[in-house]
Every structure is written in C-alpha cells, then in structure tokens.
Amino acid sequence: MKALALFSGGLDSSLAIKLVQKQGIEVIALNFVSHFFGGKNEKADNMAKQLGVKLEYVDFSVIHTEVVKSPPSGRGKNMNPCIDCHALMFEKAGELLEKYGASFLISGEILGQRPMSQNFSSLNRVKKLSGVDLGNLIVRPLCAKLLPITKPEELGWIDREQLMDINGRSRKVQLELVEKWGIVEYPTPGGGCMLTEPNYSKRLRTLEEDGFLEDKYSFLFHLAKRGRFFRVESGKYLFVGREKDDNFKLSEYKEYGSLYIAGAGTPGPAIVGYGDLNEDQIFLAKNLFSRYSQAKGKKKIQIVMNEKIIDVEEVDLEKLADDIKKYLVL
C-alpha cells in the first residue's frame with residue numbers, strides 16, 4: 001500500500017507522514033512549486049531524508065497563477081486563495097496516483113488550526129472541489145477521527161483507530177509527538193506561502209490593478225519579492241534592493257527590465273526598472289541609487305546604468321523624500 005502526501009517540509013505534514021508510515025504504508029512526498037511558494041528547498045529535502053521518504057517536486061505555477069487571479073472560493077485576509085489552492089494541489093496529486101502506484105492521498109491539515117482553510121466547511125469544500133471520487137481518497141491523519149470516515153479507512157487500507165483527533169491552534173500534541181518519535185531539526189510553524197504576507201500582497205494587488213497578474217509576467221512576481229517597490233506610473237516600476245541578497249536576486253531578472261543600475265565604486269542597491277520609463281523616471285531611479293548607497297545622496301558618484309558608467313550629482317534629498325512618499329508601494 002502506498003500513499004501520496006502533500007508535503008511542505010513543515011511539522012504537520014511531516015507528522016502526518018510519520019503517522020501513516022507507522023502503519024506500514026509507504027509514503028511518497030509531493031512538494032508543490034509555484035511562483036508564490038515552494039521551489040526545491042533545503043527544508044523539504046532535509047525533512048524528507050529524516051522521514052525516509054522519496055521527495056518529488058510538482059511545478060503547478062501556471063495553473064496556480066490562474067487560481068490566484070480568480071479564486072472561486074475567494075481570498076483570505078491577503079492574496080491567499082487557500083481553499084482553492086489546497087483543492088488544486090489535491091487534484092494534481094490525484095493525477096499522480098497511478099504514476100506512483102499509490103492508492104490514496106494524505107495531508108497534514110488540522111481541523112481548526114487556520115480560520116479560513118481548516119475549518120470543517122472548508123475541508124469539506126476542498127474535498128468536493130478536488131472531485132467526488134478523489135475527495136473520498138483524502139485522509140487527514142492528524143485530525144481524521146474528527147472527520148467523516150474516508151474510503152481508505154472504510155476499506156481497511158489504513159486503520160482509523162491509529163489516526164488522531166487533534167483540533168485547534170495549539171501545537172502541544174505535535175510537540176509531544178516530535179519528542180516521542182525523535183524528530184529533530186524540524187522547522188518552526190509558519191507557511192512558506194508569500195500570498196499570506198500583507199506587504200507582498202499589497203505589491204501583488206498593485207500588479208493586479210495594472211493588469212499584470214498573468215503567468216507571462218511571472219518575473220514581476222519575483223521582482224516584487226525583493227527590496228523596495230516603486231510604482232512610478234501604471235505599468236512602470238522600480239525595484240530597489242535593500243540588502244546584498246536582494247541585489248543578487250534582482251540582478252537575476254535584469255534582462256526582463258528596461259533599466260538596470262548598479263554601483264561603480266560606490267556600494268549601493270541594484271535597481272531594475274520595468275516599463276517604458278521616461279527621463280524623469282530614470283532620473284528618479286538614479287537618485288534612488290545615490291540616496292540608498294553609501295553616499296546617502298550627499299555627493300557626486302558614478303553608477304553603471306545599462307552597462308554604461310555615468311555620473312550622478314548630489315541629490316535634492318527633500319524633493320526625493322516627497323517622490324519616495326508618492327511612489328513607494330511599501
């Protein structure tokens with residue numbers, strides 16, 4: 001008997017796998033990848049090795065973007081379409097059952113842990129959205145005894161009595177299982193989905209307002225994850241690094257922009273400009289580099305702009321402060 005697990009690499013999905021493994025059932029972990037979360041990551045790799053499970057990455061970026069754009073069940077507090085996202089992951093996992101010779105699906109969801117996506121009605125809606133037949137193959141081992149019996153339990157593929165009835169936001173029971181089963185180096189609670197983050201969601205709403213919430217503009221989703229985000233005009237943006245890692249990541253997407261600025265002797269932020277920027281907007285970008293560089297805008301410096309070295313004069317900091325207030329999304 002085999003099962004496929006929706007696996008984030010987090011504690012709950014790991015405990016769900018462990019609980020099923022203890023019944024002698026082989027589990028294959030599926031880690032979903034999209035523009036907004038996931039990706040091959042050390043957390044998932046390390047936890048999969050500790051659990052002794054095969055880890056497979058499933059990229060569903062294109063269809064996930066469509067769900068984010070138009071979620072049938074609506075969004076949570078931010079840009080997160082949790083109910084429809086979970087249903088989509090189960091649907092995609094169900095399509096892989098035959099490939100891996102598995103009979104049913106599991107997840108680490110816990111009744112009452114999250115207000116939008118893990119209440120009784122939401123879990124039931126996920127089941128229905130994923131498909132009637134497939135929905136009956138979804139087992140949530142950590143709270144199964146609080147939910148209606150599923151086909152795998154009914155047919156004896158998995159013993160319901162050995163499953164659990166965890167409810168609510170407390171992690172006391174989970175931490176007891178961690179100690180009991182000797183699980184180490186587990187990640188702290190908290191999802192890796194950026195759609196739940198207020199700041200990133202505000203940036204994404206800006207892109208949505210300008211008509212860029214489409215998979216073909218996915219590079220903007222990634223640029224918007226980094227540093228400061230300036231909307232200088234509808235469809236025209238400046239992405240300005242805050243720290244070294246931002247600068248590195250922004251540089252990876254510079255070919256998607258119309259403008260790229262880096263330091264020439266004076267350390268400062270990488271800046272990627274998107275859209276048909278006019279002279280005033282390019283002037284703003286140069287001043288932003290100077291202001292956020294080690295020069296602090298207080299002296300003449302040189303920068304590299306689209307592979308050419310140019311001079312930037314001392315900045316009018318008072319006017320720039322007004323521009324920052326006007327254009328900074330956050």
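Are F229 and F239 buried or exposed? Both residues are buried, where buried means under 20% relative accessible area, exposed over 50% and partly exposed in between, with a 1.4 Å probe and protein chains only. The model is predicted, so local features need pLDDT of at least 70 and side-chain atom pairs count only at pLDDT 80 or more, while totals for chains, interfaces and linings use all residues. Residues are numbered from 1 along each chain as its sequence is written, and side-chain values use heavy atoms, with hydrogens and water left out.

**Aromatic contacts**

- The whole structure contains 15 aromatic pairs, counted for rings of Phe, Tyr and Trp (its six-membered ring) whose centres lie within 6.5 Å; planes under 30 degrees apart are stacked, over 60 edge-to-face and the rest tilted.
- F229 and F239 form a stacked pair, at 5.1 Å centre to centre with 5° between the planes.
- Because F229 belongs to strand β6 (residues 228–233) and F239 to strand β7 (residues 236–240), this pair ties together parts that are 10 residues apart in sequence; helices (H or I, at least four residues) and strands (E, at least two) are DSSP runs numbered from the N terminus.
- F239 also pairs with Y237 in a tilted arrangement, at 6.1 Å centre to centre and 55° between the planes, and both Y237 and F239 are buried.
- One aromatic cluster is formed by F212, Y217, F219, F229, Y237, F239, Y253, Y256 and Y274.
- R228 lies over the face of Y292, 3.7 Å from the ring centre; the criterion is NZ of Lys or CZ of Arg within 6 Å of the ring centre and within 35 degrees of the ring normal.

**Second largest pocket**

- The second largest pocket holds about 360 Å³ of space; on a 1 Å grid over the protein atoms alone, a pocket is an open set with protein on both sides within 12 Å along at least five of seven lines, a cavity is a set of points where a 1.4 Å probe fits but cannot get out, and lining residues have an atom within 4 Å of a point.
- Its lining has 14 residues, of which M194, H222, K225, R226 and K249 are the closest to the centre.
- Two or more lining residues come from each of α11 (218–223) and α12 (244–252), and α12 gives the most, with 4 residues.

**Cavity**

- The structure holds 1 cavity of 30 Å³ or more, and the largest cavity has a volume of about 160 Å³.
- Among the 13 residues lining the largest cavity, K127, R140, L147, P148 and T150 lie nearest its centre.
- The largest share of this lining, 4 residues, comes from α6.

How values were computed. Grid points are joined across faces, edges and corners, and a volume is the space filled by probe spheres set on the points.
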